[in-house]
Amino acid sequence: MTIQATLDRDITPAGEDYDLVRKTIERISLDYRAQPSLEEIAADLQVSPGRLQKTFSRWAGLTPKAFLQAVTLDHARRLLGHERLPLLDASYELGLSGPGRLHDLFVTHEAMSPGDFKTGGDGLEIQYGFHPCPFGTAVLLATSRGLCGLAFADPGGEAAALEDMARRWPGARLVQDQQATAGYVERIFSPQQWRADQPLRIVMIGTDFQVRVWEALLKIPLGQASTYHDVACAIGKPTAARAVGAAVGRNPISFVVPCHRALGKSGALTGYHWGITRKRAMLGWETGCAQSAAV
DNA sequence: ATCGGTATCCATC
DNA sequence: GATGGATACCGAT
């Protein structure tokens, strides 16, 4: 079956709403400089302002107007405010995303070096699937041990995104299995389902340095951001900001390992493998999560 | 505020 | 050892 056929066939609960939210996020993230009004956006998407407002708020946890605010450069700078404490806090030694933050996506991970992967994972089977999510089409890859890859695709770019991922594990056997990956998407993009007692299992395959960087990213709380420089400090290599940037860019499980929470020191969103617009959208979306969690 | 050039460091190949 | 960044910094607009 072709990828397109899969996408056409794939049904998710509230699929239409998902699409509406995705398009709204995209429109605002792309056009935030022009400060589009609710009415304008609603007209573009051919829905009533009321419906847009309601649907969007339910998913994103904040109104389109608030999201627009949450997406500005100014806001990104503000996210940098409290990053030092959590990164340097010894209670995060376990490498978990941390106790006591019930509203964060809770993750346990195991790491595999490329060497381990080659011997231990020879002929490893990776299941993959495509699913709509607020940031476009998500491509998920999982082994029996847990999630090992998450990528994003624009419409039409699904095959390329999968290919981009597949290159990382040339030896593995890839099998499409929508059912196997469907459960992951639902959990990952529905904050209501984040539970500390049922951690999401992920497998990080990378060099020692990369894994240390990715672990550091996992310690940045939802709704906050850190800088490449500070991540470098957190792993004990204060001068390695640039190398950190390179490692962040290789993160195979985007969003779950929150590489979008790493910014330049100025607060600029310096880069993102899946597009700066997506990075901006994720930070805005998370701001909404953080706000509703605080209530 | 933004832009561009430069210094420098480190992980990779 | 060579290479090249999802950097940081500084100075000019």
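1. In this predicted model, the side chain of Lys237 places an N or O atom 3.1 Å from a phosphate oxygen of DNA strand B. Two further residues make a polar approach to the phosphates of DNA strand B. For Thr239, the distance from a polar side-chain atom to a phosphate oxygen is 2.8 Å. As for secondary structure, α11 (208-218) and α13 (241-248) are the elements that each give two or more residues to the surface near DNA strand B.

2. Of the atoms of DNA strand B that come within 4 Å of the protein, 78% belong to sugar and phosphate.

3. Chain A has a mean pLDDT of 82, and 82% of its residues reach 70 or more. Residues 82-102, however, have a pLDDT below 50, and this stretch has 38 contacts in the model beyond near neighbours in sequence. Where pLDDT is low, predicted coordinates should not be read in detail.

4. Is Val175 buried or partly exposed? Its relative accessibility is 26%, so Val175 counts as partly exposed, given that the class lies between the limits of 20% and 50%. Val175 belongs to strand β5, which spans residues 173-176. Leaving aside residues up to four places away in sequence, Val175 touches Glu125, Ile126, Gln127 and Tyr128. The C-alpha atoms of Val175 and Leu141 are 9.4 Å apart in space, with a separation of 34 residues in sequence.

5. Thr55 lies in helix α4, which covers residues 49-60. How does the model classify Thr55, and at what relative accessibility? Thr55 counts as buried because its relative accessibility is 5%, and the class requires a value under 20%. When residues up to four places away in sequence are not counted, Thr55 touches Asp17, Leu20 and Val21.

Conventions
Residues are numbered from 1 along each chain as its sequence is written. Chains are lettered from A and ligands numbered from 1 in the order in which they are written. This is a predicted model: local features need pLDDT of at least 70, side-chain atom pairs count only at pLDDT 80 or more; totals for chains, interfaces and linings use all residues. Side-chain values use heavy atoms; hydrogens and water are left out. A residue is near a molecule or strand if one of its heavy atoms lies within 4 Å of it. A polar contact is a pair of N or O atoms within 3.5 Å; within protein, one must be able to donate a hydrogen and the other to accept it, and residues adjacent in sequence count only if both atoms are side-chain atoms. Helices (H or I, at least four residues) and strands (E, at least two) are DSSP runs, numbered from the N terminus. pLDDT is the predictor's confidence in each residue, from 0 to 100. Contact means heavy atoms within 4.5 Å. Buried means under 20% relative accessible area, exposed over 50%, partly exposed in between (1.4 Å probe, protein chains only).
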